[in-house]
Amino acid sequence: MQKEVEYSLAIKTKYPEQVVIAIARDKNGKANPVTLGWTMIASGSPPMMAIGVAKKHYSVEAINHSKCFTIAFPSAQMAEAALFFGSKSGRDIDKFAEFDCPTEPAKEIDSVLLTDAVANFECTLETQIPTGDHFVFIGKIVRSHMNTESKQRLYTIGPNHKLGPAS
Ligand SMILES: Cc1cc2nc3c(=O)[nH]c(=O)nc-3n(C[C@H](O)[C@H](O)[C@H](O)COP(=O)(O)O)c2cc1C
């Protein structure tokens with residue numbers, strides 16, 4: 001049986017929610033990481049992924065400038081980095097300069113990969129859709145990378161950005 005409730009209450013049932021970190025270079029060449037929960041696989045062939053980014057975020061400018069971005073699946077050990085990248089704006093600071101998070105160059109796009117992530121996907125910007133207060137950016141995956149070590153993914157496991165492994 002179902003009972004009708006406010007959206008704000010029903011949506012709290014969504015956890016665990018996957019966490020990704022998207023990275024795009026701004027017009028000064030600074031790589032800017034942003035933590036996102038709103039993401040999905042958008043096509044299997046060719047492979048594409050979608051990310052939902054608030055219109056006010058600096059990442060919108062960076063993605064629009066470089067027309068490409070990395071999507072990283074952070075590991076469960078990267079909770080502090082995800083919280084830092086998800087609470088500071090690239091408009092104010094250089095997040096990679098202020099938080100130690102090893103990176104390596106992407107192979108095909110002008111971006112970086114997160115060395116300790118479970119996986120990294122290099123995306124070229126395919127489409128951008130305005131949706132209320134967000135833009136959905138759809139990226140075509142041109143290269144994929146996996147950690148050589150087995151690691152658990154990071155999820156949001158409860159409200160107020162409570163992060164951890166899914167189980
Ligand atoms: C766990 C977590 C999930 C988040 N999910 C999203 C999201 O899906 N979309 C979004 O626009 N912001 C999301 N945020 C907030 C942004 O990461 C945050 O506002 C960030 O500071 C924006 O950075 P920027 O201004 O450099 O783009 C999330 C933050 C956290 C900690």
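A residue counts as near a molecule or strand when its C-beta atom, placed from the backbone, lies within 6 Å of it. Keep that in mind as we walk through this predicted model, in which local features need pLDDT of at least 70, side-chain atom pairs count only at pLDDT 80 or more, and totals for chains, interfaces and linings use all residues. Residues are numbered from 1 along each chain as its sequence is written.

Let's start at the ligand. Among the 23 residues around the ligand, Trp-38, His-57, Ser-59, Gly-86 and Ser-89 come nearest. Two or more residues of this shell come from each of S3, strand S5 (47-54), helix H2 (58-66) and helix H3 (79-85); helices (H or I, at least four residues) and strands (E, at least two) are DSSP runs, numbered from the N terminus. S3 gives the largest share, 4 residues.

Ala-31 in S3 is the bridge partner of Arg-25. The hairpin of S2 and S3 has 5 residues between the strands, and Gly-29 there takes a positive phi near 85°. S2 also runs antiparallel to strand S6 (residues 68-73), joined by 3 bridges, with Thr-70 in S6 as the bridge partner of Ile-23.

Why is S2 largely enclosed by the rest of the structure? Because 6 of the 6 residues of S2 (residues 20-25) are buried, that is, 20 or more other C-beta atoms lie within 10 Å of a residue's own, C-beta atoms being placed from the backbone. Val-20, Ala-22 and Ala-24 point one way from S2, and Ile-21, Ile-23 and Arg-25 the other way.

Notes. A residue is buried if 20 or more other C-beta atoms lie within 10 Å of its own, exposed if 12 or fewer, and partly exposed in between; C-beta atoms are placed from the backbone. Two strands pair if DSSP finds at least two bridges between them.
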